[in-house]
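Thanks for making time this morning. I would like to walk you through one structure, taking a few of its parts in turn.

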Amino acid sequence: MRIAASADLHFTPQSYAKLKDQFERVRDDADVLVLAGDLTNYGQPDEMEPLLNVLVRLRLPTVVVLGNHDYESGKEEELRRMLIAGGVKVLDGSGYERDGVGFAGAKGFIGGFGRGVLTAFGEREVKEFVRASIDETMKLERGISQLRAPKRVVVVHYSPIVETVEGEAPEIFPFLGTSRLAEVIDRHGADLVLHGHAHHGKLDGHTRGGVPVHNVAISLLQAQNPSRVYRVFEL
Ligand SMILES: [Fe+2]
Ligand SMILES: [Fe+2]
């Protein structure tokens, strides 16, 4: 299976007009399209509608997770319903299988990496924050454990490892993801992890357990090659 992956489109019809020709090639290049969050800029239905028109016209099975920008207006449920009605698979603690490949995903959350992971100690506000991080991790776990396919792809918006956020300012690393996600991935195993959010991070890394992790933020792909709007992985 050839999987085309991209993230952080922050879609507007104006910005897409410049990418249209490259994006339309995806049908020849891949069997499935994965978008790892930040589909819209402000999480508004009138941003999602033109994006959905584009996705429907690509006529390719499409798997997405939402990103923090898709939550900005508090209309994430409406966006999710629109996507599902358009035939897009929205992973939110769920799994989707196709041709022997299972996809599991969730938005994920922030919280830091390795020894720097924030723990639930002290103020109620800190505990609520950590709870949100653990909830997303458990969602991802639920999605992965549903899969029965021999090959597995994990899709998250936030990074599960520090390696693929390097390039961003170190001060903001804890806001770019959390290694809690990687612990779940390593516990259950996966063949490929795709994420976005770190627009200026690094393309490739691995979990401690050796699972390949790729940051497919479109800005990062285009920094290497302006005409590259998705990256194709073969499983
Ligand atoms: Fe983004
Ligand atoms: Fe983001």
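This is a predicted model: local features need pLDDT of at least 70, side-chain atom pairs count only at pLDDT 80 or more; totals for chains, interfaces and linings use all residues.

In general, a pair of packed helices is described by the angle between the axes together with the distance between them. Here, helix α3, which covers residues 45–58, and helix α4, which covers residues 76–85, pack at an angle of about 20 degrees, and their axes lie 10 Å apart. Because angles under 35 degrees count as roughly parallel, α3 and α4 are roughly parallel to each other. The crossing of α3 and α4 is right-handed.

Let me turn to the sheet. In what order do the 5 strands of the open sheet run? The order is β4-β3-β2-β1-β11, with mixed pairing, and the edge strands, each pairing on one side only, are β4 (89–90) and β11 (231–234). Strand β1, residues 2–6, pairs with β11 in the antiparallel sense over 4 bridges, and there A5 stands opposite R231 in β11.

Is V165 buried or exposed? V165 is buried, because 27 other C-beta atoms lie within 10 Å. Leaving aside residues up to four places away in sequence, V165 touches S159, F173, L176, G177, A198 and G201. As for I218, which is 53 residues from V165 along the chain, the C-alpha atoms of the two are separated by 14 Å.

How values were computed
Residues are numbered from 1 along each chain as its sequence is written. Chains are lettered from A and ligands numbered from 1 in the order in which they are written. Two strands pair if DSSP finds at least two bridges between them. Helices (H or I, at least four residues) and strands (E, at least two) are DSSP runs, numbered from the N terminus. A residue is buried if 20 or more other C-beta atoms lie within 10 Å of its own, exposed if 12 or fewer, and partly exposed in between; C-beta atoms are placed from the backbone. Two residues are in contact if their C-beta atoms, placed from the backbone, lie within 7 Å. Axes are lines fitted to C-alpha atoms, for helices over the stretch in contact, and angles run from 0 to 180 degrees between N-to-C directions. Angles under 35 degrees count as roughly parallel, over 145 as roughly antiparallel, 65 to 115 as roughly perpendicular and the rest as oblique. A crossing is left-handed if the near helix is turned anticlockwise from the far one by less than a right angle, and right-handed if clockwise.
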